[in-house]
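User: I am new to reading protein models. Could you walk me through this one, feature by feature?

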Amino acid sequence: MDHSLSYLIIGTGGTGGPLGCYLAKAGFPVTFIARGKQLAAMQKNGLRCERPQDAFTINPMQACDMDTYAEAVRRGEVKRPDVIFVCVKGYSIDSTYDFIRAAAGPDTVVIPILNIYGTGGVMQEHLPGILVTDGCIYVAALIKEPGVILMKGEIMRVIYGTREPLAGGRKNRYEPILKQVEKDLNASGILGVCSENIRRDALLKFSYVSPQGAVGLYYGVESGAIQREGKERESFRACIREIDDLAHAMGIRFTEDIVARNLKILDDLAPNMTTSLQRDIAAGKQSEIDGLIYGVVRMGDRYGIAMPEYRKIAAVLRQRYENERCNG
């Protein structure tokens, strides 16, 4: 493709915030969809991204809420985006469907980069006629305060792709834009990969984020405790092995030792890093515990995998948080 793609980022927290900042800093047309205090701060002062070695601010910028953007599209005041990155939490996906239908054009590609495995396939069922890929992101970041994203590591990688070859000539139709996204991401300082096996690559990401969330929440610890040898680190290893067993049952074969790989990712984090799952539950907010932990047990049941470590963690967490709800 010989023209710049336009990007719409739905959600400007720890995934959509840095992703959009990197793309906008590189000069690509980006519109951020946000709400509440985050949106107000962005419209007033832009969006600041603080990295371990430096910081930068995107200002001026395009930021609005869903209703404002959808109305602008309806009136023909803004161009429909070439690419929509969906960066909300798993429990908020349902709230995006009507907006995506209003915002997307016939050639728009939707790329969800959520923590929950299999999100793209679920979204595709709700968005017939729009190409929804699967995808994932590697980044350690959070909202430090409204309008400020704090990155706690250097890693910044986005992997996406279609779940299976596109039929009826659609592959040729969408292949140029999918490849251009890869180029744009890499030009922005993001390691972008248009995957030929996104089922494997998305599960590979899940094999890290799910065990980290499960162990961190179960033991109530930051990354530093899992970086040291002990029961927390061994539990992390056990959860990864169980997802490896699950992958084999699903017909997915990883091309590397995922235990060693995920330990390396973990060990590169700041010792005081916690997962968004932990932070949401600590703040009394809605969380992704179902998709990240309980859903893994359900997948084990579906494929006949014992998964003792996940079952132990899930049983304790169900009791712990059910008791808290009852006592509250």
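Analyst: We will take helices, cores, spaces and loops in turn. This is a predicted model, in which local features need pLDDT of at least 70 and side-chain atom pairs count only at pLDDT 80 or more, while totals for chains, interfaces and linings use all residues. Residues are numbered from 1 along each chain as its sequence is written, and side-chain values use heavy atoms, with hydrogens and water left out.

User: How do I read a helix such as α12, and how many residues does it have?

Analyst: Start with the label. Helices (H or I, at least four residues) and strands (E, at least two) are DSSP runs, numbered from the N terminus. Then check the length. The expected span of a helix is 1.5 Å times one less than its number of residues. Helix α12 covers residues 289–303, which is 15 residues. From first C-alpha to last, α12 reaches 20 Å, close to the expected 21 Å.

User: Where is the kink in α12 centred?

Analyst: A bend at a residue is the angle between axes fitted to the seven residues ending there and the seven starting there. In α12 the kink is about 40° and is centred on G295.

User: Which residues of α12 are buried?

Analyst: Buried means under 20% relative accessible area, exposed over 50%, and partly exposed in between (1.4 Å probe, protein chains only). In α12 the buried residues include I289, L292, I293, Y294 and G295. After the helix comes G304, with a positive phi near 70°.

User: What about α1: how many of its residues are buried?

Analyst: Helix α1 spans residues 16–25 and is mostly covered, with 9 of 10 residues buried. Among them are G16, P18, C21 and L23. Just after α1, G27 has a positive phi of about 100°.

User: Now the core. Which residues of the largest nonpolar core touch the most other members?

Analyst: General idea: in soluble globular proteins, nonpolar side chains tend to be buried together. A nonpolar core is a set of buried Ala, Val, Leu, Ile, Met, Phe, Trp, Tyr and Cys residues joined through side-chain atoms within 4.5 Å. The largest one here has 51 residues, and L203, L217, F236, I289, I293, Y310 and L317 touch the most other members. Elements that each supply at least two residues of this core include β9 (134–145), α9 (231–249), α12 and α13 (308–327). The largest share, 11 residues, comes from α7.

User: What does Y310 touch?

Analyst: Contact means heavy atoms within 4.5 Å. Leaving out residues up to four places away in sequence, Y310 touches residues including S210, P211, C239, E242 and L292. Apart from this core lies another, of 41 residues, among them Y7, L23, F56 and I190.

User: Last, the loops. Is P128 buried or exposed?

Analyst: P128 counts as exposed, because its relative accessibility is 64%. P128 sits in the loop between α5 and β8 (131–132). By contrast, M307 counts as buried, at 1% relative accessibility. M307 lies in the loop between α12 and α13. Its phi is near 50°, a positive value in a residue other than glycine.

User: Which peptide bond is cis?

Analyst: The bond from N59 to P60 is cis, with omega near 5°. P60 lies in the loop between β4 (55–58) and β5 (62–64).
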